[in-house]
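Got the viewer open and the sequence panel showing? Here is a short walk through some helices, rings and loops, one selection at a time.

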Amino acid sequence: MLKMPLPVSPVGGPNEQLEEIRETAPVCPVRVPSGCEFYMLTRHDDIQAVLRDRRFSRKLTAPGSPSLVGNGVETVEGGIFNLDPPDHTRVRKVIAPFFTPGGVDRLVPMIQGHVNRQLDRIETGPPTFDLHTAYAAPLSLEVFCDVMGIRHEWRQAIGTAFQTGVELRRDHTSAQDATDRVIEVSRSLAASGDVAPDGPIAALTAAHAEGRISHDELVGTIVHLFVASLDPTVGTVTMGALSLLRHPGQLAEVLREPALWPRAVEEVLRFHHDAQVSFPRVALEDVEIHGVTIRRGEGVITSMLAGMWDPRRYPDPERFDFHRDEGDKHFADLSFGDGPHHCLGAWLARRYLTILLRSLFTRFPRLSPAVDWQDIPWDNSILFARPAELWVTR
């Protein structure tokens, strides 16, 4: 039986084993660090169908529900990750206005300001630097704390508590400790009222005071907002930069024609989906897929990376090419999920990645890798797999 965490290919794509499974066992049993067994889906259309299928539930808090790492953040009570409609719809409505295209447009000056200041620091520092620790990681914390309306005195505690969304090598005790820590920080933050009055957390707090959401939904949704925002973008920024460095012709083209940046970001999202698997779903009734019966109560996870490299959907998926003709400018949209749980922050993520990558290469057009890309160390012990470091020279 396949076991997680899964190895990653040197370019950040699916390894040969995952490619083979997609062709020969598209509904594949896999054992995860909690000891639970899931069925893993690896084909694009199967993944999309299950994410839309109401016969699969995201509510993972019932006793005996399968989990990735024991009592990890995916099991936090009340958060939007763990609610099905209509409860999920009710809670999501509270914060959805902050993540519409118009809401995201209002955040652009703030994001650009953080990026410019970080690039100034890099420019006055050593010519060779680690893109992960000097750019991607610090910007994630600063920008998304501002998005949530978090004051500066809380940021160190948040950065420490939410170092990763899910560490796949945790044992049950350490997973529970880590989950308790993020719940406590989120509960304290909500109780303090020490947030910007016009941000998502203030909106959640007001909705709780008005009786529209429960206390568990308030705290759990704060937890899940940080899990979904802080860590996932870090690896995507790093690998997006690496992909463009490995394809200098496309990098030169996008620098000449800045209007192409959204297309380049879309291909980065397709090529480097950093989540090894999705958060689990549980079958509410027996469901048959490709001749395999998933019994009521059994869990399903999806390999988004395998789906985004499925040749049935993307011809020559191993080719990084933002000119690929997929018929839709958002051709990598499945990277944000589908159905009721399609990522609330998809618009924000796209704008954020566009600003960070465009600004980096505009400021440092001669940026080059300081190591051979095949020697880049990977961290696959976390749900959002990424390079442990990426040294470049400006």
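Before the first click, a word on labels: helices here are DSSP runs of H or I with at least four residues, numbered from the N terminus. Also keep in mind that you're looking at a predicted model.

**Stop 1: F336**

Select F336. You'll land in the loop between α14 (304–308) and α15 (346–363). Is F336 buried or exposed? The cut-off for buried is under 20% relative accessible area, and F336 has 11%, so it counts as buried. Now show what surrounds F336: leaving aside residues up to four places away in sequence, its contacts are L269, H341, H342, C343, A346, A349 and R350.

**Stop 2: helix α10**

Next, pick residues 215–229, which make up α10. From first C-alpha to last, this 15-residue helix reaches 21 Å, close to the 21 Å expected at 1.5 Å a residue. How many of the 15 residues in α10 are buried? Twelve, so the helix is mostly covered. Colour them if you like: the buried set includes the run from E217 through V227, and S229 too.

**Stop 3: aromatic pairs**

Time for rings. Searching the whole structure turns up four aromatic pairs. Start with F144 and Y352: they form a tilted pair, 5.0 Å centre to centre, with 50 degrees between the planes. This pair ties together distant parts of the chain, since F144 belongs to helix α6 (residues 131–148) and Y352 to helix α15, 208 residues apart. Both F144 and Y352 are buried.

Then move to F271 and W309. Their ring centres are 4.9 Å apart and the planes meet at 40 degrees, so this pair is tilted. It links distant parts of the chain as well: F271 is in helix α13 (residues 261–271), while W309 is in the loop between α14 and α15, 38 residues apart. Both F271 and W309 are buried.

**Stop 4: arginines over rings**

Two last selections. Show R246 with W373: the arginine lies over the face of the W373 ring, at 4.4 Å from the ring centre. Then show R270 with Y314, where R270 lies over the ring face at 5.4 Å from the centre.

Definitions and conventions
Residues numbered from 1 in each chain as written. Predicted model: local features only at pLDDT ≥ 70, side-chain atom pairs only at ≥ 80, totals over all residues. Heavy atoms only, no water. Helix = DSSP H or I, 4+ residues; strand = E, 2+ residues; numbered from the N terminus. Buried < 20%, exposed > 50% of the residue type's maximum accessible area, 1.4 Å probe, protein only. Contact = heavy atoms within 4.5 Å. Expected span 1.5 Å × (residues − 1). Phe/Tyr/Trp six-rings, centres within 6.5 Å; stacked < 30°, edge-to-face > 60°. Lys NZ or Arg CZ within 6 Å of the ring centre and 35° of its normal.
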